[in-house]
Amino acid sequence: MARRAAGLGRGPIVRLAGSDAAMSVLVVILGFLVGTALVAAVGRDPANMYRAIIQVVSGFDLTRGTWNARYIGEWLVASTPLVLCGLSMAFAARAGLFNIGAEGQYIVGLTVAQFVAFYGPPVPILHWVLAVLLGMLAAAAWGGLVGFLKARYAVSEVVATIMMNYIALYLSRYLTMLIPGTNTYKTPSFPATVRLGNAWLEGLTNRSRLNTGFYLMLASVLFFWFLMEKTRTGFALRATGFNKDAARCSGIDVTRSTVLSMAISGAFAGLAGCAVCLGSFGYGRVLAGLDNYGFNGIAVALVGNSSAPGTFLAGLLFGMLQSAQPLMQSRQIPKEVTYIISGLVVVFISLRSGFGLILEARAKQLARKGKPRDE
Amino acid sequence: MSSALNLLPSILMMVSPILIAALGGMISERSGVVNIALEGLMGFGAFAAAAANVLLEERLPGASIWIALALATALGALVSLIHAFASISLSADQVVSGTGINLLANGVTIFLCQVIFKQERTRSFRQGMRAGPGGIYPTAWIALALLVAVWYLLYKRPAGLRLRACGENPQAAASAGIDVRRMRYWAVLASGAFAGLAGGCLVLTQTIEYKENMINGAGFIALAAVAFGRWIPKGVAGASCLFGAAVAFAIYVVNIEALRALPPEFFSILPYAITLVTLVAFSGKDYAPRAAGQSYEKGAS
C-alpha cells in the first residue's frame, strides 16, 4: 500500500529524477552550461569551444571549411582507455564496491605490458596478445587482492585502493628503470611486433593513432554486458551489490563475488593500460605521476549509470572533451575547462542522488497526508 | 648520523603540511564524514597561497605570506562546503562528492592560472616563507599548535565530546540534544580549512610556484596517516612524522651514505604499504569511528 501511495504522489520532477538516463543527460548539460558561462566570464568566445568539439567528433573545421578524418580517429583513441576505466569502476559498482583503484590497476597493466614488450617472444600477433593477456592478468590480481582484503579482513576498499594506486605508481617507476637503456623518463622503442597499430583503421582515419585497442574496447563493452546481464555469475555479483546479507542467505558466495568483481574490474583497467602503452606510445614510460585515466573513469561510470551502453557513451563523451583540449587551447580557450566540466558532472551527480532521495521522501509524505482513508 | 640531523629541518618541512591536513581529515572522520577530498582541497589552498603571494609580495613584503596562508585556509573551507552540502544536507555518497572535488581541483586552479597569469602555472614568487632558528620553517610550529589545539578541543571540551559522539552513534547523539548535521558541517569545514592551510604551507616552503599535480599524493598520504594513526591525535601525529620522514628520505636518500643502496621509490612506497598492512592487522578491532561514511537521516534509526 505504501508503495502504491508513493507511486501516486510522484510529480514530474520526481519521475525525471527516477530515470537515471535522463538525469545523466541533464547533469552533463548542466556541466556544459557552467563551463560555457565560465569561458564567457573570462572574456573568451564560448563558440570556439563548441567549434573545437564539433571538429573532434566530425572532422569538420568550421572556420576553414576543411575535413580531416584524423580528428575522429584521435577522438576514439582518447575514448578507449576512458571507456575501459569506466567499465572497471562500473563493474565494481554493480557489485556494491567503490573501485578508486582503476588508476593503480591501469599502471600495473601498463607496466607488465612494457616488460613483455622487451622480454616476450617477438612473433607477430602472439607478442601483443601475450602482452595484453599478462597485463590484464596482473591488473586482475592487483584488483582481486583488494577484493580479498575487503571480503576477508573487512578493509575498506576505498582506502585500500588509494594506497595500492601509489604503490603501483612507484613500483612501476622502479621496475621500468631496470629495463636496460632506460633513462629517467622513457625506455627504448618497442619492437614492432608488440605494437597495436592497425593499418586498416589508420588508413580509414587519415593516419591517426587509432589501433586494435579500439576493437578490444568494443569487445570489453560486449563482455561486460553479457557477463553482467545474462549469466549466473553476473546475477550473483548484482545480488551482492544490492544486499550482501540477502545474497549470502540465498546461497551466493559473497567472498567469491567480491574478489571476482574486483579482479574483473582490475582486468578492464589493466587492458586500458595496455591499450595506451602499446597503442598510443612507441616506447615505455617511466611514469612521473598518475595519468588520471582511472579517476576520470569514475566520472565516466557515474555518468553511464554503471551500465555497459551508458559507460560506452559516457566514455566517448569524455574522450571528446579530452581530445578537444589542444584545439581549444589554440583558440584561446583554457583547456582546463574540460576538467572543470568533468569535475562538475561528478559533483552534480552526487547532489542528484541526494535530491532524488529528498524528493522521494517528500512525495511519500505528501501521499501519506493526502490519503487518510488508507489508514 | 650528522647527515640525518641535517635532514631534520627538511623532514619537518615535509611533515608539517601532512600533519595539518591529517588533523583536518581526523576531525571530519571523527564526526562521521569521510573526506577523501583532502588532496583536492590542498590543491585549492596551494593555488590560493601561491597566487596571493605572487601578487602581493612586492606591495606587502613580509605580510604577504600570512595573507596567503589565510586565503588558502579560507578557500579550502569554502570548497569543502560542496562536500558538506552533498554528504550532510543531501545524504549523498561521501566518496562521490569527495572524488568530484578532487577532479575539480586541477581544472579550476589551472584554469584560474591561465586567466590570471596567462600560463599553466602561477608566476614564481621571489620569496617563499623564511626559515626560522635552526632552519626550521614556522609551518612546523603552526602544525604543532594545531595538534595541541585539536587534542584539547576534541578531548577536553564538551564540543569535542559531542563531535566524537556524532561519529560513533549519531542517533544517540541526537537523542542527547546534539544537532548532528550542524556538528558535521563544522567538522567538514574545519577539515577543508586545515587542508587548505596545509596546501598553502606546502607551496610556500617546498616550491616557488603552483603547477598541475603539485600536491602529488600528499593529501592521500594524510588520509593514510589518519587511518594508520587510529583516528587519535597522538597516533595521527606519529604517523604524519613517519610518513613525512619517508617523503623526505625519498628525495634526499642519495645524500646519505648508509641508505644509498635503497632506491628512492622504496621510501615513496613506505607510507602506503605501512598503512595497507596495518589496516589488515587492525581489522576486526574497533579503531575507526563507527558511523564514519554513513549519512545521518533525522528520525531514522
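This is a predicted model: local features need pLDDT of at least 70, side-chain atom pairs count only at pLDDT 80 or more; totals for chains, interfaces and linings use all residues.
1. A charge counts as sitting over a ring if CZ of Arg or NZ of Lys is within 6 Å of the ring centre and within 35 degrees of the ring normal.

2. A:Lys186 lies over the face of A:Tyr283. Here the distance to the ring centre is 4.3 Å.

3. Next, rings against rings. Over all chains, 18 aromatic pairs are counted. One of them joins A:Phe118 and A:Phe190, with 5.6 Å between centres and 55 degrees between planes. Why is this pair called tilted? Stacked pairs have planes under 30 degrees apart and edge-to-face pairs over 60, so an angle of 55 degrees falls into the remaining class, tilted.

4. The pair of A:Phe118 and A:Phe190 links distant parts of the chain, 72 residues apart. A:Phe118 belongs to helix 6 (residues 102-119) of chain A. A:Phe190 is in the loop between strand 3 (186-189) and helix 9 (199-204) of chain A.

5. A:Phe118 has a relative accessible area of 24%, so it counts as partly exposed.

6. Look also at a cluster of phenylalanines. Ring pairs connect A:Phe91, A:Phe223, A:Phe224 and A:Phe268.

7. Now the second largest pocket. It holds about 1300 Å³ of space. Its lining counts 48 residues. Which of them lie nearest the centre? They are A:Asp291, A:Asn292, A:Asn296, A:Gln322 and A:Tyr339.

8. Both chains contribute to the lining of the second largest pocket. Elements giving two or more residues include helix 13 (254-280), helix 14 (293-303) and helix 17 (337-370) of chain A. Chain B brings helix 2 (38-56) and helix 4 (94-117). Helix 5 of chain A gives the most, with six residues.

9. What is the make-up of the lining of the second largest pocket by class? There are 24 nonpolar, 18 polar and six charged residues.

10. Last, a serine in chain B. B:Ser28 is part of helix 1 (residues 2-30) of chain B. A polar atom of the B:Ser28 side chain lies 2.7 Å from the backbone oxygen of B:Val33. B:Ser28 has a relative accessible area of 0%, so it is buried.

Notes
Residues are numbered from 1 along each chain as its sequence is written. Chains are lettered from A and ligands numbered from 1 in the order in which they are written. Side-chain values use heavy atoms; hydrogens and water are left out. Rings of Phe, Tyr and Trp (its six-membered ring) pair if their centres lie within 6.5 Å; planes under 30 degrees apart count as stacked, over 60 as edge-to-face and the rest as tilted. Helices (H or I, at least four residues) and strands (E, at least two) are DSSP runs, numbered from the N terminus. Buried means under 20% relative accessible area, exposed over 50%, partly exposed in between (1.4 Å probe, protein chains only). On a 1 Å grid over the protein atoms alone, a cavity is a set of points where a 1.4 Å probe fits but cannot get out, and a pocket is an open set with protein on both sides within 12 Å along at least five of seven lines; lining residues have an atom within 4 Å of a point. Grid points are joined across faces, edges and corners, and a volume is the space filled by probe spheres set on the points. Ala, Val, Leu, Ile, Met, Phe, Trp, Tyr, Cys and Pro count as nonpolar, Asp, Glu, Lys and Arg as charged, and the others, Gly among them, as polar. A polar contact is a pair of N or O atoms within 3.5 Å; within protein, one must be able to donate a hydrogen and the other to accept it, and residues adjacent in sequence count only if both atoms are side-chain atoms.
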